[in-house]
Amino acid sequence: MENQGVPPGPYRATKLWNEVTTSFRAGMPLRKHRQHFKKYGSCFTAGEAVDWLYDLLRNNSNFGSEVTRQQTIQLLRKFLKNHVIEDIKGKWGSENLDDNSQLFRFPANSPLKTLPRRHPELRKNSIENFSKDKDSIFKLRNLSRRTPKKHGLHFSQENAEKMNCEIISEDQENSVDNREISQKDIEEVWRYVIMIYLQTILGVSSLEEVINPKQVIPQYIMYNMTSTSKHGVVILQDKSDDLPHWVLSAMKCLANWPRSNDMNNPTYVGFERDVFRTIADYFLDLPEPLLTFECYELFVNILGLLQPHLERVAIDALQLCCLLLPPPNRRKLQLLMRMISRMSQNVDMPQLHDAMGTRSLMIHTFSRCVLRCAEEVDLDELLAARLVSFLMDHQQEILQVPSYLQTAVEKHLDYLRKGHIKNPGDGVIAPLPTYSYCKQISAQEFDEQKVSTSQAAIAELLENIIKNKSLPLKEKRKKLKQFQKEYPLIYQKRFPTSESEAALFGDKPTIKQPMLILKKPKLRSLRY
């Protein structure tokens with residue numbers, strides 16, 4: 001199942017569920033078991049099922065190596081609830097399953113989930129509406145510029161001038177030759193260009209398969225592109241949509257720990273755990289995930305690009321998709337990802353959970369508030385965990401503003417303004433400007449470049465700990481032990497053998513010096 005065969009398209013989560021259940025039913029080893037002095041054939045224990053399914057999920061790029069054993073148990077409970085498996089007495093429908101020796105078996109028929117079918121007439125109308133909208137891009141209106149619909153946003157005068165400065169200046173210089181472009185034209189071009197890029201990256205015949213084109217709101221894209229701080233974080237004009245001040249303070253405290261923990265903050269034992277719970281409670285109480293219910297299918301489809309040799313493509317796709325979010329959602333996502341990314345890399349961060357490391361805790365806690373379906377899907381938790389893990393590692397690239405998109409829009413508007421793109425009704429249609437995007441690299445090329453920026457930063461952090469001469473030896477051992485627990489692969493690469501690790505601390509085996517062999521003197525007789 002490592003090379004999964006679920007192509008991009010609608011209802012991908014349901015298709016993945018069917019693939020996992022089919023693979024589990026086909027591959028799970030069955031044998032005889034004895035229980036309560038009775039033999040049962042063709043069955044398996046819950047513990048055996050956890051072991052096998054855990055390995056299956058970790059080797060599937062849709063879920064990744066960070067799948068936990070507890071998440072595997074949760075999925076098996078859903079299998080029992082949906083009658084993918086049943087206990088040895090034929091009972092199912094509950095979630096009464098633990099990692100133990102309880103016996104289970106497969107039912108005679110393993111039910112696959114049916115894919116919802118859209119009414120053909122609805123699909124036809126949706127495509128026709130989008131085609132009409134696409135055609136409207138090329139209709140040059142001789143109308144005065146109108147203020148865009150706000151959709152809860154407040155565009156500042158500075159941002160409006162920033163978006164239209166080139167158009168206005170060139171209109172004044174070439175007022176005779178150039179035709180006027182309305183604000184509606186500008187918005188439609190933004191929508192059209194970003195959808196063309198997304199469709200190309202995802203490799204789908206139509207974006208309508210994964211998102212309703214009407215849900216691509218150009219005002220959101222324009223705002224997210226221009227109303228940002230120097231670090232690229234969205235700045236909201238309406239502060240009522242922003243995070244509460246106490247949540248921002250709590251997030252800043254943990255993101256900059258321990259530097260932000262000055263004398264004004266409490267220092268009692270467990271203080272950082274209380275701060276973390278406060279942040280978690282706020283995000284978990286949000287009525288909708290940060291990536292919105294409407295964009296669920298879109299982001300789930302990107303999860304199938306999350307393969308080693310397609311990492312760059314996945315980053316670019318997520319970068320564009322995150323521009324479609326309402327600005328308040330994008331800002332919350334940016335701040336949350338910055339915080340949990342810093343926390344997971346901070347070796348000075350106190351332990352926030354008795355059984356989980358910091359990184360695993362971040363993924364487990366916040367995955368549900370980032371991505372989930374309006375109608376609960378059984379694979380939601382695993383899919384969301386995979387996406388949050390990838391966002392954490394690449395948040396700086398994914399959540400920055402892509403300059404090439406602005407350039408592409410300006411080129412397209414220039415074509416419109418100079419009349420190179422005609423109204424389809426005129427019978428003369430010039431070819432649209434084409435944009436080169438990304439080049440897919442081979443698996444071999446990827447292997448040469450597979451150390452990502454985040455991994456390099458973590459490796460550099462390890463080197464800083466090793467070379468820090470001011471750290472006491474005992475404290476250095478403690479930090480390296482914690483680092484080894486959080487990032488075992490990077491640690492193993494730095495210290496491939498126990499001898500290389502021992503050499504760091506000078507733990508050389510003590511060799512006893514050979515005892516001096518003294519030559520025994522000959523005893524002389526007392527007799528002469």
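Okay, some housekeeping. We're looking at a predicted model, where local features need pLDDT of at least 70 and side-chain atom pairs count only at pLDDT 80 or more, while totals for chains, interfaces and linings use all residues. Residues are numbered from 1 along each chain as its sequence is written, and side-chain values use heavy atoms, with hydrogens and water left out.

Let's start with the sheet. Helices (H or I, at least four residues) and strands (E, at least two) are DSSP runs, numbered from the N terminus. The sheet is open, with four strands in the order E1-E2-E4-E3 and antiparallel pairing; two strands pair if DSSP finds at least two bridges between them. E1 and strand E3 (86-87) are at the edges with a single partner strand each, so one side of each has no neighbour in the sheet.

Helix H2, residues 46-58, packs on this sheet and touches E1, E2 and strand E4 (103-105). Contact here means heavy atoms within 4.5 Å. The direction of H2 makes about 20 degrees with that of E2.

Zooming in, E1 (residues 31-35) and E2 (residues 38-45) run antiparallel and are joined by four bridges. His33 has Tyr40 as its bridge partner in E2, and Arg31 has Cys43. Two residues sit between the strands of this hairpin, and His36 takes a positive phi near 55 degrees.

Now, which residues have the most contacts inside the largest nonpolar core? They are Ile85, Phe283, Leu336 and Phe366, in a core of 120 residues. A nonpolar core is a set of buried Ala, Val, Leu, Ile, Met, Phe, Trp, Tyr and Cys residues joined through side-chain atoms within 4.5 Å; buried means under 20% relative accessible area, with a 1.4 Å probe and protein chains only. Another core lies apart from that one, with 13 residues, including Ile458 and Tyr491.

Two of those names turn up again where helices H9 (residues 271-284) and H12 (residues 327-345) meet: Phe283 is on the H9 side and Leu336 on the H12 side. The axes, lines fitted to C-alpha atoms over the stretch in contact, come within 13 Å and cross at roughly 150 degrees, with angles running from 0 to 180 degrees between N-to-C directions.

Last stop, helix H7, residues 218-226: nine of the nine residues are buried, so H7 is largely enclosed by the rest of the structure. Among them are Tyr220, Ile221 and Asn224.

Note on methods:
Buried means under 20% relative accessible area, exposed over 50%, partly exposed in between (1.4 Å probe, protein chains only).
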